[in-house]
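Please consult the sequence and the structure while reading them.

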Amino acid sequence: AKIRHAGVVSVFDVGRMPSGNPFIVMELLNGRPLDVQLEEHGRLAPRRAIELMCGCLEALSEAHRLGIVHKDLKPANLFLTDVDTEHESLAILDFGIAGDTGEDTRLTSTGQVMGTPQYMAPEYIRDQNLTAGVDVYQCGLILVEMITGTPVVNKEQYVHCLMVHTQGDLDLPQTLLSSELGPVLAKALDIDPIQRYPNADSLRKALLTLELN
C-alpha cells in the first residue's frame, strides 16, 4: 500500500469481516494476466515486449526506492491492461510475499523458501539473500518468456527448477543471445548478483538504449 504508481495495483483497504475472514480491497483492472495473454495469443514482438517491460520496471523502481523487493515476479503476477491500445501497460500484482531489502529472510520454520521455483533467483535459493537483484533476475526471465512464448525454466520437479537456477544452466535461445538484447539479458540473468543490474531502474535504462525492430 506504500507504493504509489500507476503500474502497481492500488490497495485501498484491508481488514477482517465480522465473520473473521480477512479481506483486501484493490483497484479493478481491465485486461488479462500476462500468462493468459501468452497462452492464448502467443509470444510478443520484441519491441512490444521491451516497451511493456520498461513500464513494468519503472513501477518496480518505485518499490525498490522504498526498499521493497517483490520476490515473486512471474507472468501470472503481471496484468496486461488496455490490451492492443496505445495505453497498453503491465501492472504488478501480488506483493504477498514481498520483503524489505536486507531483512533476515532465513528461513521459515519449516526451512522452506517462498516463491515460484521457475523464477527464483539463485542467491535467494542458496542463501535467502534478498536484494533488488532478485526482482531483476525474475524480470529477465519474464522478458525472455514474453519474446519466445516459453518459460526459460520449465522443469516439472521443484528441485530440478532450483538446480537450473543455482547452477546457472539457463537455456536461452541463441538468437536472443546474439541479438542486441543479448548482453542486457546476460547481465540481468547473471548467476552472480554482484554482476547483475542492481535494481529495476538500471535494467530499464539498459533496455531503453536498444534499437530493436
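Q: At what distance does a polar contact join the side chains of Lys 74 and Thr 116?
A: The model is a predicted one, in which local features need pLDDT of at least 70, side-chain atom pairs count only at pLDDT 80 or more, and totals for chains, interfaces and linings use all residues. Residues are numbered from 1 along each chain as its sequence is written, and side-chain values use heavy atoms, with hydrogens and water left out. A polar contact is a pair of N or O atoms within 3.5 Å; within protein, one must be able to donate a hydrogen and the other to accept it, and residues adjacent in sequence count only if both atoms are side-chain atoms. For the side chains of Lys 74 and Thr 116, the distance is 2.8 Å.

Q: Is Lys 74 buried or exposed?
A: Lys 74 is found in the loop between β4 (68–69) and β5 (78–81); helices (H or I, at least four residues) and strands (E, at least two) are DSSP runs, numbered from the N terminus. Buried means under 20% relative accessible area, exposed over 50%, and partly exposed in between (1.4 Å probe, protein chains only). Because its relative accessible area is 19%, Lys 74 is buried.

Q: Which residues does Lys 74 touch, not counting residues up to four places away in sequence?
A: Contact means heavy atoms within 4.5 Å. With residues up to four places away in sequence not counted, Lys 74 touches Thr 116, Tyr 119 and Ile 142.

Q: What is the phi of Lys 71?
A: Lys 71 also has its place in the loop between β4 and β5. Its relative accessibility is 7%, and therefore Lys 71 counts as buried. Although Lys 71 is not a glycine, its phi is positive, at about 80°.

Q: Why is Asp 84 classed as exposed?
A: Asp 84 lies in the loop between β5 and β6 (89–92). Its phi is positive, near 60°, in a residue other than glycine. Asp 84 is exposed because its relative accessible area is 64%.

Q: Which residues are in contact with Pro 173, leaving aside its neighbours within four places in sequence?
A: Pro 173 is found in the loop between α5 (158–166) and α6 (174–177), and it is partly exposed, with a relative accessible area of 26%. Its C-alpha atom is separated by 8.4 Å from that of Thr 148, 25 residues apart along the chain. Leaving aside neighbours within four places in sequence, the residues in contact with Pro 173 are Val 144 and Thr 148.

Q: Which residues of helix α8 are buried?
A: Asn 199 caps the N-terminal end of α8, with a side-chain oxygen 3.3 Å from the backbone nitrogen of Asp 201. The cover over the buried residues includes α2 (46–65), α4 (132–148) and α7 (182–188). Helix α8 spans residues 200–208, and its buried residues are Ala 200, Ser 202, Leu 203, Arg 204, Ala 206 and Leu 207.

Q: Which residues does Arg 204 touch, not counting residues up to four places away in sequence?
A: Arg 204 lies in helix α8 and counts as buried, at 18% relative accessibility. When residues up to four places away in sequence are not counted, Arg 204 touches Cys 54, Leu 57 and Glu 58.

Q: How many helices and strands does the protein chain have?
A: Buried residues make up 46% of the 213 residues in the protein chain. Along its principal axes, the C-alpha trace spans about 60 × 45 × 35 Å. The secondary structure of the chain comes to 8 helices and 7 strands.
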